[in-house]
Amino acid sequence: MLTLKAQGKLMEGSLEELREELYLTRRAIQYVIDALWELDKLPTINQSHQMFYKTLRKQGFRAHQCKQIYKYARAIVESAKENGGKKPVLKKLSARLDKYDAKVDLENQLVVVKLRNKVFRIKLLHRRSYIEKFKGRKWYEVIINVDRSGRIWVCIPFRWCYEPYKPGRVIALDVNFKKMVAYNGRKVRRVSARFTEALYLKHLAENIQKKHSYAWRRNKKWFGIIRALHRRSRNIVVDWSRKFAKYIVFKAKRSRSAIVLENLERLWFNSSQKSSSLADKLSRFAYRRLQHAVVTKAIEYNVPIIFVNPRGTSSVCPTCGAKLVYNHRLAICPGCKLVADRDTVGAINIYFKAVQALAPCPGSRGTRSMTDETRPKSGRPKNEPMTIYIHSYKFI
Ligand SMILES: [Zn+2]
């Protein structure tokens, strides 16, 4: 699934009417959520239909919209209960419509939606080449949003056939707050990330919040400044992730490589999830955005993605397998005298994990590298340090 996302402009219907409809929809979904939340056991879709359909119809919702409402509410409750969360409270003004209540005309960049008895025609404001990519593909639903500043957003998930090619090589990516380190078996390439810039803005916002402790909530000027800082910080992360994703995916596609990422989800869940320091929170957010951006772009261009277990990627020597000794971020191998920084070690180890996963050959660490030319050949003396070529690359 790939989602078309665009800002919209109303060609028919007024913003007030659209807001009103979305408000009613949100209220209806919340009503269903509240009702379902009280139940010990979640009813089936059919039972939900029995419970809510008539009530929703009485409020003027169209038949398929009713279905969307209780299905969506049910899904929200289900996931909240699974995660052991609190009762969900909807904040966004949005509505989901299926093909019976929405029309998508990509030729004219138009979306027509019916909410109760009102019709809204929305022009998609996005460049032609972007819209073009989705032409002729199947879509499932249309999601309409109105944000706080009154902008309309349209999201349409399209079916996408992801047929990744068979990779000849791999590019391993060590994701770090300050830089991304890529290793393709020959070269280490570093790209500076702009996440520290985003963190700086967050710190600014936090300082203002601390300094004006309670007043900032009431003071319009301060509130506006704080919100703008958070938003800019977020935009830096999102934009940069997208740019980097494009860069790495194109690079992988050109060399018919797979992209390898560490699967960090579980790691965070276990350890630093509790940590609420600004840097930790932002780095989790940044990593997730980056991963999301890379995966989305990879799907779009049929580039294979491999996730590897992050265990030991920075603590074991990539050449001989001995445990590394660290001096700050510099790793020194007591076995083979390799000296490299932490991120480089990470990227190289991620690389070997993926190579091993792609061509599993039983045996020692030496045999798993048959596809790779930089690995020590069996004849190479073990204590000769490995040569790593480092190319710096600033990514703006
Ligand atoms: Zn070593």
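Q: How many bridges join strand β4 to strand β5, and do they run parallel or antiparallel?
A: Six bridges join β4 (residues 110–115) to β5 (residues 118–125), and the two strands run antiparallel. Strands here are DSSP runs of E with at least two residues, helices are runs of H or I with at least four, and both are numbered from the N terminus.

Q: Before I go on, what kind of model is this, and how are residues numbered?
A: This is a predicted model, where local features need pLDDT of at least 70, side-chain atom pairs count only at pLDDT 80 or more, and totals for chains, interfaces and linings use all residues. Residues are numbered from 1 along each chain as its sequence is written.

Q: Back to the strands: what is the order in the sheet?
A: Seven strands form an open sheet, ordered β2-β6-β7-β1-β5-β4-β3, with antiparallel pairing. Two strands pair if DSSP finds at least two bridges between them. The edges are β2 (93–98) and β3 (102–105), each of which pairs on one side only.

Q: How many bridges does β3 make with β4?
A: Four bridges join them, antiparallel, and Ala 102 has Val 113 as its bridge partner in β4. Their hairpin has four residues between the strands, and Gln 109 takes a positive phi near 55 degrees there.

Q: Which helix lies across β1 and β2?
A: That is α1 (residues 15–37), which also lies across β4, β5 and β6 (141–146) and runs at about 80 degrees to β2. For such angles, axes are lines fitted to C-alpha atoms, for helices over the stretch in contact, and angles run from 0 to 180 degrees between N-to-C directions. Contact means that C-beta atoms, placed from the backbone, lie within 7 Å.

Q: Switching topic: which residues touch the most others in the largest nonpolar core?
A: Of its 49 residues, Ala 172, Leu 173, Ile 248, Ile 259, Val 260, Ala 347 and Tyr 351 touch the most other members. A nonpolar core is a set of buried Ala, Val, Leu, Ile, Met, Phe, Trp, Tyr and Cys residues joined through C-beta atoms within 7 Å. The elements that each supply at least two residues include β8 (169–175), α7 (220–254) and α10 (342–358). Apart from this core lies another, of 18 residues, among them Ala 6 and Leu 124.

Q: What does Val 260 touch?
A: Leaving out residues up to four places away in sequence, Val 260 touches partners including Ala 172, Leu 173, Ile 306 and Tyr 351.

Q: And α7, how far does it reach?
A: With 35 residues, α7 reaches 51 Å from its first C-alpha to its last, close to the 51 Å expected at 1.5 Å a residue. The expected span is 1.5 Å times one less than the number of residues. Its buried residues include Ile 226, Trp 240, Ser 241 and Ile 248.

Q: Is Arg 288 buried or partly exposed?
A: Arg 288 is partly exposed, because 15 other C-beta atoms lie within 10 Å. The cut-offs are 20 or more for buried, 12 or fewer for exposed and partly exposed in between, with C-beta atoms placed from the backbone.

Q: One last thing: where is Asn 302 found?
A: Asn 302 is in the loop between α9 and β12 (305–308), with a positive phi near 60 degrees. Most residues other than glycine have a negative phi.

Methods:
Contact = placed C-beta atoms within 7 Å.
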